[in-house]
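Here are my notes on this model, as numbered points. Please read them beside the sequence and the coordinates.

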Amino acid sequence: MALILNIDTALDTSCISLTEGGRDLLSAFNDRQKDHAAWIQVAIRNLMKETGLAMEKLDAVGVNIGPGSYTGVRIGLSAAKGICYALSIPLITETSLRLLAFSAIKYLETSSFRPLLNKILICPMIDARRMEVFTSIYDSNLKELMEAQACILSTNSFEELLKRQKILFLGNGSIKFQSVCRNPEAMFEKIPLNPAALSALTYENFIGNNFADLTYTNPLYLKEFFTK
């Protein structure tokens, strides 16, 4: 059964987990965003030590490549690539937006909204400062219907889609849209990122031999980083 190390440092809270056959063996979290760089390598070493498994036993490394914190995304991807190069094992990538959409689907499956699951679209939003968000749209089968992009929100955002179908907006960026959106077909729900989302999706990718190019895979920033 596949032994996969999963790394997510893209958002406010970083997480690493070790999974076998898609089942979590052990996880570690860090909620101090500025400490991600100092935390990650020590956390990985401690995680492997606690499970009693050697790094050489890993079959792959999964990582969230963003969007999110520019620094956080780079930290996670660099750590994942380094391990993959050293052990000659495959790299598996997922995105923050897809992880949020997966979390929403799992939440809806066990909530009072379950009857609506196949009737709505899911729109995760990550705060990109001011009135801008990183966003995408998925259906209930996690099929991407709108490519991930940076979007400046306005009262009329997503108006054409909302004429045809209800959309569930979630994520820390959706708070800004909720403040200006007046469309009754827009739904807003505070749904946290499911800690098991990355491990579940990376295992699916492993089974499907859906691996990333170790040399050319880059962070998913969605917009340029400016220092001024």
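1. Helices (H or I, at least four residues) and strands (E, at least two) are DSSP runs, numbered from the N terminus. On that basis the protein chain has six helices and 10 strands.

2. This is a predicted model: local features need pLDDT of at least 70, side-chain atom pairs count only at pLDDT 80 or more, and totals for chains, interfaces and linings use all residues. Residues are numbered from 1 along each chain as its sequence is written, and side-chain values use heavy atoms, with hydrogens and water left out.

3. Overall dimensions. The radius of gyration, taken over C-alpha atoms, is compared with a globule rule of 2.2 Å times the number of residues to the power 0.38. For 228 residues a compact globule would have a value near 17 Å; the protein chain has 18 Å, which agrees. Along the principal axes, its C-alpha atoms fill a box of roughly 55 × 45 × 30 Å.

4. Burial and contacts. Buried means under 20% relative accessible area, exposed over 50% and partly exposed in between (1.4 Å probe, protein chains only). Of the 228 residues, 49% count as buried. Contact means heavy atoms within 4.5 Å. Among contacts with a separation of 6 or more, 61% join residues 24 or more positions apart.

5. Backbone points to check. G66 and P67 are joined by a cis peptide bond, with omega about 5°. P67 sits in the loop between β4 (60-64) and α2 (70-87). S88 is not a glycine, yet its phi is positive, about 55°. S88 lies in the loop between α2 and β5 (91-94) and is exposed, at 67% relative accessible area. R130 also has a positive phi, near 50°. R130 belongs to the loop between β6 (120-127) and β7 (132-138) and counts as exposed, at 78% relative accessibility.

6. A nonpolar core is a set of buried Ala, Val, Leu, Ile, Met, Phe, Trp, Tyr and Cys residues joined through side-chain atoms within 4.5 Å. The largest has 28 residues; L108, I122, I126, L142, L168 and L170 have the most contacts inside it. At least two residues each come from α2, α3 (96-109), β6, β7, β9 (166-170) and α6 (197-207). The most, eight residues, come from α3.

7. Which residues does I122 touch, leaving aside its neighbours within four places in sequence? They are A101, A104, I105, L108, S136, I137, Y138, D139, L168 and L170.
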